[in-house]
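Please open the model in your viewer and keep the selection panel at hand. The tour goes from one selection to the next and says what is there.

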Amino acid sequence: MEVKSRAPGKIILAGEHAVVHGSTAVASSIALYTYVSLRLSTPSSENEESLKLVLKDVDLEFSWPISRIREAFPDYVALLSSTPASCSGDSTKSIAALVEELSIPEAKIGLASGVSAFLWLYLSIQGFKPATVVISSELPLGAGLGSSAAFCVALAAALLSVTDSVSVDLCQQGWHSFGEKELDLVNKWAFEGEKIIHGKPSGIDNTVSAYGNIISFRSGNLTRMKSNVHLKMLITNTKVGRNTKALVAGVSERMLRHPGAMAFVFSAVDSISKELTTVLQSPTPDHLSVTQIEEKVEELMEMNQGLLQSMGVSHATIETVLQTTLKYKLASKLTGAGGGGCVLTLLPILLSATVVDKVIAELESNGFQCFIAGVGGNGVEISFEHSS
Ligand SMILES: Nc1ncnc2c1ncn2[C@@H]1O[C@H](COP(=O)(O)OP(=O)(O)OP(=O)(O)O)[C@@H](O)[C@H]1O
Ligand SMILES: C[C@@](O)(CCO)CC(=O)[O-]
Ligand SMILES: [Mg+2]
C-alpha cells in the first residue's frame, strides 16, 4: 500500500520575524503543495533492507541500510516515540553522522537540514522499518512560501497515518483531511521537524500548513479566521536564494544589540497584525466596502514592510519589486523570512486585467517570476492507494 499526503505552502500577510519574538502574525495557506509518498517495504531476504529518500525537486536520492541506522542508534527504545519529541543530544549527533556520509554536493548543502528533519521524523515515528519515501513540491524551495513547513507537515502526516496513534479510514477514496486530534499531532511533530530546519521557529508556518485557511497566531496559539473578503495576491519570486535559519538568527542578534528599539518594532508589528485580523473579519455588504478593506490591508502591508526593513531582512531585489509595483499604485511587502525570496502584492478586485498584465511583464523583465494566488484553502490531506 502507498500512503500519499500533501501539505500547502503559505504566505504571511503580517508579522513574520516579530512572531518569533512573541508578536501576533497573520498567515494564509496557498494552493501549492508538497507531496509525500510513503511505501513501507515488505520483508525480503534477497535485498539488503534500506530506508530510501527520493527528493524529486533537487534530483537527489539517498539510501541508508537499516543495519547502518541501527548502528547509529543503539538505543532504539529511547528513539521511538508516540508523542512529539525534540531532536537533541545523542540523536543530533547520530543524525549528523548519517547525513554527513551522504556527501551532499556543496551547492545543495541547504538540503542537509531537510534530510536531518526527515530522518528525525521517520525514525521517531516509524522506527527502523525499511521504506521508500518520495517527496516533490510545487513550491519554490527556500523562497519564503513555507516549503520547509509543508515538507515537515506532509511527512508527519504520511508517517503518522500508518501508526496506531492516528485512526484513519484506509478505504476512503481520494484526498481527505484528518480529525482535529490527528491534526494537532501532525502539527506538533511537524514543528519538531521545523526546529531542525529553522533553528528557532515560531510554529506559524507548520500550523497554517496543517490547518489551512487564514490564521492569526501568537506564541503558539492560533485563532482560525473566517475572512469575509477574498484577497487576491500577486506573488513575485525574486529568485534570490536565502536561508530562513540565518535570517531569523540575524534578527535575534539585532535585538540583542538594540533591545529597546527592537521591542518597539515588534510591538508595532503586533498592532498591525491585530488590526489586520479585525479588518479581514469585518462584514462586506458591497464592492465599496471590499475596496475600503483592501485599502486598509494595503496600508498595513506597507507599514509592516517598513518595519521588516528596520529588522534588516529586506533585500535590493525586494526593493525593486516594491518600487515597480508602487508605480502602479499597488502595495507590496516581503513574505516569509525575506532576504530575497518572495514578495506579496495585493491585487484589488477592481484592478483591470491590463494593469495586472503590465505589472507582471515589468516585474518579469527584471528576471523575477510572478504568479497569482488566492488567499486561504485546504490544509494537509491524505490519500491511500491500494495496488490491485
Ligand atoms: N521539497 C523539498 N525537497 C527537499 N528539501 C526541502 C523541500 N522543501 C523544503 N526543503 C528543506 O527546507 C529548506 C528550505 O527551508 P527554509 O525555511 O529556508 O525556506 P522556506 O521554508 O521555503 O521559506 P520560509 O521559511 O521563509 O517560509 C531546504 O533547504 C530543504 O532543506
Ligand atoms: C521568519 C519567520 O517568522 C517566518 C518564516 O516563514 C520564521 C518563523 O516564524 O518561524
Ligand atoms: Mg521555512
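Predicted model: local features only at pLDDT ≥ 70, side-chain atom pairs only at ≥ 80, totals over all residues.

Residues are numbered from 1 along each chain as its sequence is written, and chains are lettered from A and ligands numbered from 1 in the order in which they are written.

Begin by colouring the protein chain by domain: the assignment gives domain 1 (2–223 + 379–385) and domain 2 (227–374), with bounds that come from an automatic or database domain assignment. The centres of the two domains, taken over C-alpha atoms, are separated by 28 Å. Next select their contact, to which domain 1 brings 30 residues and domain 2 brings 37 residues; two residues are in contact if their C-beta atoms, placed from the backbone, lie within 7 Å. On the side of domain 1 that touches domain 2, at least two residues come from each of β1 (2–14), β2 (25–40), α6 and β6 (214–218), where helices (H or I, at least four residues) and strands (E, at least two) are DSSP runs numbered from the N terminus. That side of domain 1 holds 15 nonpolar, 13 polar and two charged residues, with Ala, Val, Leu, Ile, Met, Phe, Trp, Tyr, Cys and Pro counted as nonpolar, Asp, Glu, Lys and Arg as charged, and the others, Gly among them, as polar.

Now select ligand 1, which 27 residues surround, the closest being Gly-114, Ser-147, Ser-148, Thr-244 and Gly-336; a residue counts as near if its C-beta atom, placed from the backbone, lies within 6 Å. At least two residues of this shell come from each of α4 (111–126), β5 (131–137), α5 (147–160) and α6 (180–198), and α5 gives the most, with four residues. By class, the shell around ligand 1 has eleven nonpolar, 14 polar and two charged residues, and domain 1 and domain 2 each supply at least three of its residues.

Move on to ligand 2, where Glu-16, Pro-201, Ser-202, Gly-336 and Ala-337 come nearest of the 15 residues around it. The elements giving two or more residues to this shell are α7 (204–211) and α8 (244–257). Why does ligand 2 lie between domain 1 and domain 2? Both domains give residues to its shell, so ligand 2 lies between them.
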